Amino acid sequence: MSIISRYVSSVLFPACCAGCGKVTESARLQDKNAHICDECLGRLELTEQFELRDNVTEDLFAGNEQFERGAAYCFYDKQDIASELIQSAKYRRQPEINYELARRAAMDGLQSDFFEGIDVIIPIPLHKRRYRERGYNQSDYIALGLSEVLHIPIDTSHIERVRNNKQQALTQGKEREKNVEGIFRVNHPEEMYRKRILIVDDVITTGSTIRSCMEAMSAFRGAGISVFALAKAR
Ligand SMILES: [Zn+2]
């Protein structure tokens, strides 16, 4: 892009932060991969779980014998900055926010051994009808961000969401587990024999969706499963 067209486009389409909506002069936001201003990034409450064994994310999956490690990048609370960003990525057609956050998380995670030995990244799939309505899967963008920094391939063919269940956010208590029962199906499980898999999702609340996915993955004989989410609900 020439200097003039860059100037024209920055006047016509000034860079807006996806978190606070403020127009910003920040040089970082002129980069097409940057959507969040430094102030909003600074307000994220990072969990530092990459280095922390038996953390609150791991506690949710500890009962599963294939489970290895779990971490979320930041904490999430109603109406905080993490919630604002993740909701925008999911419902306001700004999935590139997830890509940016995942890249930052991956760079943090590289300071630990959390991602070591992972063979493949699997984003939690949407049901095809939900995918068509939304136009994208927000978790695919998390997988992309991680994959690019970590050089680990993404797989979207071995697990499928076969039931278009009600959104977990609209369910409570015991209904949450019931709502996600049997929603996933695996394809060609023999191809995943002994693979070390990283499941990725945007938010973990009670962990029931991921537990259901792990249950389906028990067909992946000898596989080890780790879990990464952008945010862990408080
Ligand atoms: Zn901001």
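The chain splits into two parts, domain 1 (1-43) and domain 2 (46-233), with bounds that come from an automatic or database domain assignment. Residues are numbered from 1 along each chain as its sequence is written. The model is predicted, with local features needing pLDDT of at least 70 and side-chain atom pairs counting only at pLDDT 80 or more, while totals for chains, interfaces and linings use all residues.

The chain splits into two parts, domain 1 (1-43) and domain 2 (46-233), with bounds that come from an automatic or database domain assignment. Residues are numbered from 1 along each chain as its sequence is written. The model is predicted, so to speak of local features takes a pLDDT of at least 70 and side-chain atom pairs count only at pLDDT 80 or more, while totals for chains, interfaces and linings use all residues. The centres of the two domains, taken over C-alpha atoms, sit 29 Å apart. Eight residues of domain 1 are in contact with eight residues of domain 2, where contact means C-beta atoms, placed from the backbone, within 7 Å. On the domain 1 side, four of these residues are nonpolar, three polar and one charged. For that count, Ala, Val, Leu, Ile, Met, Phe, Trp, Tyr, Cys and Pro are nonpolar, Asp, Glu, Lys and Arg are charged, and the others, Gly among them, are polar.

Next comes the sheet. Four parallel strands make an open sheet in the order E1-E6-E5-E2. Strands (E, at least two residues) and helices (H or I, at least four) are DSSP runs, numbered from the N terminus, and two strands pair if DSSP finds at least two bridges between them. Strand E1 (67-76) and strand E2 (120-123) are the edges, each pairing on one side only. On average, neighbouring strands are turned by 20 degrees against each other, direction ignored. E5 (residues 196-204) and E6 (residues 224-233) run parallel and are joined by eight bridges, and Val 200 stands opposite Phe 228 in E6.

Helices pack on this sheet too. Helix H4 (residues 81-91) lies across E1, E5 and E6, at about 105 degrees to E1. Helix H7 (residues 138-150) touches E2, E5 and E6, and its direction makes about 130 degrees with that of E5. Such angles run from 0 to 180 degrees between N-to-C directions, using lines fitted to C-alpha atoms, for helices over the stretch in contact. H4 is mostly covered, with eight of its eleven residues buried; a buried residue has 20 or more other C-beta atoms within 10 Å of its own, an exposed one 12 or fewer, and a partly exposed one falls in between, with C-beta atoms placed from the backbone. Among the buried residues of H4 are Ile 81, Leu 85 and Lys 90. Their cover includes helix H2 (38-43), E1, H5, H7, E5 and E6.

The largest nonpolar core has 57 residues, and those with the most contacts inside it are Leu 85, Ile 199, Val 200, Ala 229, Leu 230 and Ala 231. A core of this kind is a set of buried Ala, Val, Leu, Ile, Met, Phe, Trp, Tyr and Cys residues joined through C-beta atoms within 7 Å. Elements giving two or more residues to this core include helix H5 (96-109) and helix H9 (208-216). Leaving aside neighbours within four places in sequence, the contacts of Ala 229 include Ala 72, Val 200 and Ile 204.

Most residues other than glycine have a negative phi. Asp 54, not a glycine, has a positive phi of about 55 degrees; Asp 54 lies in the loop between H2 and helix H3 (56-59) and is exposed, with 10 other C-beta atoms within 10 Å. Gln 79, in the loop between E1 and H4, has a positive phi of about 65 degrees and is exposed, with 8 other C-beta atoms within 10 Å. Just after H4, Arg 93 takes a positive phi of about 55 degrees.

Technical notes. Two residues are in contact if their C-beta atoms, placed from the backbone, lie within 7 Å.
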